[in-house]
Amino acid sequence: MIDLTKKPYNLSSAEIDFIKNKVANMPLSAKIGQLFFVIGEDEDNTDLTEFVKKYQPGGIMYRPDKAQKLQHEIAVSQKASATPLFIAANLEAGGNGLLTEGTWFGRPLQVAATDDEQNAYNLGDVSGYEAKQVGGNMSFAPIVDLDQNFRNPIMNVRTFGSSEERVIRMSDSQIKGLKANHVIPVAKHFPGDGVDERDQHLLSSINSLPADKWMESYGQIYHHLIQNGLPAVMIAHIMQPAWERRLQPGIEDKDLRPASTSKLLIDGLLRTVLHFNGLTITDATPMIGYNAILPRSEALPATINAGIDMILFNKDIDEDYQFVTDAVKSGKISMARVDEAVTRIIATKIAQGVMNTENNLCEPASQEINLKLAEHEKLAAKVAQESVTLVKDRDKLLPITPEKYPRVRLVVLGDTDDGGFKEGGKVTAKFKEKLTEKGFKVTVFDRKNLNFKEVFEGGVQYEKDQFDLAFYVANVETASNQTTTRLDWIHLMAADAPWFMKDIPTVFVSTCNPYHLFDIPMVSTYINAYTGNDVTIDALLEKMMGNDKFSGHSPVDPFCGRFETHL
């Protein structure tokens, strides 16, 4: 039985009575609906009122769209819902997680590189404020994972780094900023991403730490957050074999499960060992890491039976609802377990101010949208100025000036549209424009139209006749459904690689992945900028030209533990 008088609920007897009565009087279809956190539908393609009334979801998660459009869609959905909805988005790096015109404040690793908790608070505050303007009330953030494997293709800049102490400080502050706007924080991704070098979107990845090491790191983070009243946790399609084996000695390898279907990791580790009493939500269930473990008709009931309260996204929504309905009717999922999950959902909505005991939405979105974008951009610029990190400048190539290096060859890697849900976009035009404005003559390396003579016959002097400085930018974003974020040179002769770096001054900047020295260890000058937004590019160039000092502190080891990257 859930004790709603304890954290993270702290509810009154009147509020508890309301919840008990509401759950008792809900029809089965409404209870099953509450278990689902669906993807935001587009009103151009779907009758939102009909959709919400039919499926009765507990929450809706949105991908970025225009503010006015989202405000209207969310208002229509809330009006149609018999129970006020959670409205969530990935507010990981700013209001741009929900709004296309929202502030791209800065990725978590960039915020961590400032080592200033006020910037983490501002991240939560800016994200929460902008989301609230259109009716958002839940953030799938903070990310409280640890960046322990530089080969991991989905995390690195999405984390606050490799130190649990820094993750705790920064996530605490981000949560305070979200809560200041009445936006519910959802910590993710339990039991912890960043150990494996693979992406849970593509398979069930593994947190392979021994149980005690896990407790000293990820466990310490979750223990702290739970003690501080964290209301919700997102459950990943990630295994933690050591804890499953500790909780069930003798368990066979074939029976190990990712947390999203593991009763041992949820009812056992999270709820019994760590004493988490709050709401649990899966990560997106269309991921292969979820679907490759069990048939979907078995996985969805296993999720609810594991102690998880809400299922994020669907494959076929009618099919998924039927799978759960059949499991309840057959007794595979007990009504007691359904009622427990629905109780947590409603209790969270009451405790976090989404709804009141009159069954009304507490804070409908304002009719007027004021995103305060200019004010928020100044806060983002402060983060940029304090975060850009000079990792090495062996040959003292900095500062760069038009007098010293008048002709610049700009080579940008990773400016592509492929991969999963990326947030940054392309940076080639931005760098060319800003370098040109500062007086450099810039030529962009054209990957699609290679110079045959240069690739096959040109030597050092040929390159020197064309440019004085090679300026490399890696905009290789972490994103879902990709196996690596390594540098991938043109396969024909590695035509865009700086083979000439010992003869011609070469600088390398990363606007995302901080670990590219692993693939280009001998480069003289390497800088991590963490985020490719305009304010960071501006701050970066000012520092590179000697107009400002580099003040960022790397929250991870950019040398990847290798001797050759220091050379």
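Modeller: One term before we start: buried means under 20% relative accessible area, exposed means over 50%, and partly exposed is in between, using a 1.4 Å probe and protein chains only. This is a predicted model, where local features need pLDDT of at least 70 and side-chain atom pairs count only at pLDDT 80 or more, while totals for chains, interfaces and linings use all residues. Residues are numbered from 1 along each chain as its sequence is written, and side-chain values use heavy atoms, leaving out hydrogens and water.

Colleague: Good. Is arginine 107 buried or exposed?
Modeller: Arginine 107 is buried, because its relative accessible area is 2%.

Colleague: And which residue does arginine 107 form a salt bridge with?
Modeller: Its partner is glutamate 477, with the closest N and O atoms 2.8 Å apart. A salt bridge here is a side-chain nitrogen of Lys or Arg within 4 Å of a carboxyl oxygen of Asp or Glu.

Colleague: What about arginine 394 and aspartate 395?
Modeller: Their side chains meet in a salt bridge too, 3.2 Å from N to O. Arginine 394 is partly exposed at 28%, and so is aspartate 395 at 43%.

Colleague: Changing topic: what does the barrel look like?
Modeller: It is a closed barrel of 8 strands with parallel pairing, running E1-E2-E3-E4-E5-E7-E9-E10. Two strands pair if DSSP finds at least two bridges between them. For example, E9 (residues 279–284) and E10 (residues 310–312) pair in the parallel sense over 2 bridges, and alanine 284 stands opposite leucine 312 in E10.

Colleague: Which strands does helix H11 lie across?
Modeller: Helix H11 (residues 263–273) lies across E5 (184–190), E7 (232–235) and E9, at about 120° to E5. Axes are lines fitted to C-alpha atoms, for helices over the stretch in contact, and angles run from 0 to 180 degrees between N-to-C directions. Contact means heavy atoms within 4.5 Å.

Colleague: And the open sheet, what is its strand order?
Modeller: Its 6 strands go E11-E16-E15-E14-E12-E13, with mixed pairing. The edge strands are E11 (389–393) and E13 (441–444), each pairing on one side only. The twist averages 20° from one strand to the next.

Colleague: Last one: where is isoleucine 19?
Modeller: Isoleucine 19 is in helix H1 (residues 13–25), and it is buried, with a relative accessible area of 1%. Leaving aside residues up to four places away in sequence, isoleucine 19 touches Leu4, Leu11, Thr343, Ile346, Ala347 and Ile350.

Key:
Helix = DSSP H or I, 4+ residues; strand = E, 2+ residues; numbered from the N terminus.
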